[in-house]
Amino acid sequence: MTAGIDKAAEAGSVPSPCINVCRMDASSGLCEGCLRTIDEIAGWSLYDDHEKRAVWDALKARRARLIASQAKVQR
């Protein structure tokens, strides 16, 4: 987890991953800003902290795949 998430977790809340770049990529189905699916975005306010942390974990994996795919393209 990132330091921001760790700090929020200590306070009992999990911050939104939204960075106010709200555009859905049609090919991936993910937000170009935060990499969440439309269902994750729509459900965020209803999720408990456990579900929010699961989304954060999924985002880390998505970001890693995105970085890896971009590295392949640059080769």
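Reader: In which helix is the place of Glu40?
Author: The model is predicted; local features need pLDDT of at least 70, side-chain atom pairs count only at pLDDT 80 or more, and totals for chains, interfaces and linings use all residues. Residues are numbered from 1 along each chain as its sequence is written, and side-chain values use heavy atoms, with hydrogens and water left out. Helices are DSSP runs of H or I with at least four residues, strands are runs of E with at least two, and both are numbered from the N terminus. By that count, Glu40 sits in helix H2.

Reader: Is Glu40 buried or exposed?
Author: Buried means under 20% relative accessible area, exposed over 50%, and partly exposed in between (1.4 Å probe, protein chains only). Glu40 has 11% relative accessibility, so this residue counts as buried.

Reader: Which backbone nitrogen does the side chain of Glu40 reach?
Author: A polar contact is a pair of N or O atoms within 3.5 Å; within protein, one must be able to donate a hydrogen and the other to accept it, and residues adjacent in sequence count only if both atoms are side-chain atoms. The Glu40 side chain makes such a pair at 2.9 Å, with the backbone nitrogen of Thr37.

Reader: Which residues is Glu40 in contact with, leaving aside its neighbours within four places in sequence?
Author: Contact means heavy atoms within 4.5 Å. With neighbours within four places in sequence set aside, Glu40 contacts Leu35, Tyr47, Val55 and Arg62.

Reader: Where is Leu35 found, and what is its phi near?
Author: Leu35 belongs to the loop between H1 and H2. At 10% relative accessibility, Leu35 counts as buried. Most residues other than glycine have a negative phi. Leu35 has a positive one, near 70 degrees.

Reader: Which residues form the largest nonpolar core?
Author: A nonpolar core is a set of buried Ala, Val, Leu, Ile, Met, Phe, Trp, Tyr and Cys residues joined through side-chain atoms within 4.5 Å. In soluble globular proteins, nonpolar side chains tend to be buried together. Here the largest such core has six residues: Val14, Leu35, Trp44, Val55, Trp56 and Leu59.

Reader: How far apart are the C-alpha atoms of Trp56 and Ser16?
Author: Trp56 lies in helix H3 and is buried, with a relative accessible area of 15%. Along the chain, Trp56 and Ser16 are 40 residues apart. Their C-alpha atoms are separated by 8.9 Å.

Reader: What span should helix H3 have, and how far apart are its end C-alpha atoms?
Author: The expected span of a helix is 1.5 Å times one less than its number of residues. H3 covers residues 49-74, which is 26 residues, so it should span 38 Å. The end C-alpha atoms agree with that, at 37 Å.

Reader: Which residue caps the N-terminal end of H3?
Author: Look for a side-chain oxygen 3.1 Å from the backbone nitrogen of His50. The residue that supplies it is Asp48.

Reader: How many disulfides does the structure hold?
Author: A disulfide is a pair of cysteine sulfur atoms within 2.5 Å. Cys31 is in none; the nearest cysteine sulfur, that of Cys34, is 3.8 Å away. Both Cys31 and Cys34 are buried, each with a relative accessible area of 3%. The disulfide count is zero.

Reader: Is Asn20 buried or exposed?
Author: Asn20 is found in the loop between helix H1 (3-11) and helix H2 (38-43). Its phi is positive, near 60 degrees. Relative accessibility is 67%, so Asn20 counts as exposed.

Reader: Where in the chain is confidence lowest, and where highest?
Author: pLDDT is the predictor's confidence in each residue, from 0 to 100. The chain averages 89, and 84% of the residues score at least 70. Confidence is lowest in H1, at a mean of 53, and highest in H2, at 98.
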